Amino acid sequence: MIDASLNVARSAVPGTPEENDRDLALDFAKGVLIVLVIVGHLIQYILYRGEGFWDSLCFKWIYMFHMPLFMAISGYLSCRALLRKSLTQSVGDRATQLLLPMLFWYALLEIAKVAVLPGAPGATGEILLFLNDVAGAYWFIWAAFVCFLFVKILSIFDRCLPWILFVSVVLVVLAPLTFSIFPLIKYTYPFFCLGFSVAQSRDWWASITRSYRPFWIVTLSIVALVCFLAWRKDTYVYNNLALVQDMQSAKNVLLMFFGSAAASALMIEFFLQCWRFGRSNPVVRFIAVEIGQSTLVLYLIQGTVFRLMDSMQYAEPSDLTTRLAEAGLLGGAIVLVSLMVRRTVRDIPCLSQFILGTSSRALAGQAARKQS
């Protein structure tokens, strides 16, 4: 089912004639997802400003699929780098793409904390605070890098890679690691492997879904709805830590994974169909071309903003109308600033690499296309 929809735009898949072009269908999906990331944080920090956000229906639906689906797309788009590049080259490129800009924005976060909160420890503070900030504020960057590294190392077992990946998923999920961002890596790693597997075996996945596509859509819808109704505070990975200790925790973890998988599959189908029928619409193209291709800088800027808000004291919650206006203004400002930053520095090689994570190869390709 999903693979049939991905045939709308195969450009990111190795072996197709357009493999050097962007897959705008997936860029559209990424653009919607990063907006949902910001919306989820706005619900948490602006609309609720407390514990009540766990019970928000909008928050619940967003958090069922947005990061798992983001990680699955990351695994899908990483297939060529994982299979065609050497370990040193692929890991070096991924570190340049993800870790360099993350450290840049973390440095800005620390400068902002010192400027806005003079009494708060900054970059010269305790090492534990440093590790907590650099891991917690940008946990998805670390998770994406670690997942990429794991799969790249395992890819040396080429002939039995599917089985090796399956075993690694089981071992990672069952690992009793609950500190720092390890639960989040345990949560997202299976989805990265799933996305990578889909990209690696597109024809096989398509063959088992094409004939029964309506059945799969109905089944996924039912499963996602049931999981949505059963989803509670302890179903979130932030609370259950993806740790199985007893029967109840096992139910919570299983519900989290099954609900996220069903919702992710359903939503990627929905996003790709939206692109298929709406790709000529200016708004849809803006989401794909501008927002979808700015997801890294959008994630880093919103992570910096909301991490800074963690250290600030808030006034008493205002009325709902005012909070909605505040959320809209802050969300719009994050998107606007991110797009302005990208447009300003994307043609400056050094700044583009440090701020946006653009590789030197991508910059060379952009320059070649401009010259032609």
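What volume does the second largest pocket have? The volume of the second largest pocket is about 1500 Å³. This is a predicted model, in which local features need pLDDT of at least 70 and side-chain atom pairs count only at pLDDT 80 or more, while totals for chains, interfaces and linings use all residues. Residues are numbered from 1 along each chain as its sequence is written, and side-chain values use heavy atoms, with hydrogens and water left out.

**Pocket**

- A pocket here is an open set of points on a 1 Å grid over the protein atoms alone, where a 1.4 Å probe fits, with protein on both sides within 12 Å along at least five of seven lines; lining residues have an atom within 4 Å of a point.
- Pro-190, Phe-191, Leu-194, Trp-205 and Ala-261 are the closest to the centre of the second largest pocket, out of 43 lining residues.
- Helix H13 gives the most to this lining, with ten residues.

**Salt bridges**

- Eight salt bridges are counted (a side-chain nitrogen of Lys or Arg within 4 Å of a carboxyl oxygen of Asp or Glu).
- Glu-326 forms a salt bridge with Arg-49, with the closest N and O atoms 2.7 Å apart.
- Glu-326 lies in helix H16 and Arg-49 in the loop between H2 and H3, so this pair ties together parts that are 277 residues apart in sequence.
- Lys-30 forms a salt bridge with Asp-27, at 3.7 Å between the closest N and O atoms.
- Lys-30 is buried at 12% relative accessible area (buried means under 20%, exposed over 50%, partly exposed in between, with a 1.4 Å probe and protein chains only).

Technical notes. Points joined across faces, edges and corners; volume = space filled by probe spheres on them. Helix = DSSP H or I, 4+ residues; strand = E, 2+ residues; numbered from the N terminus.
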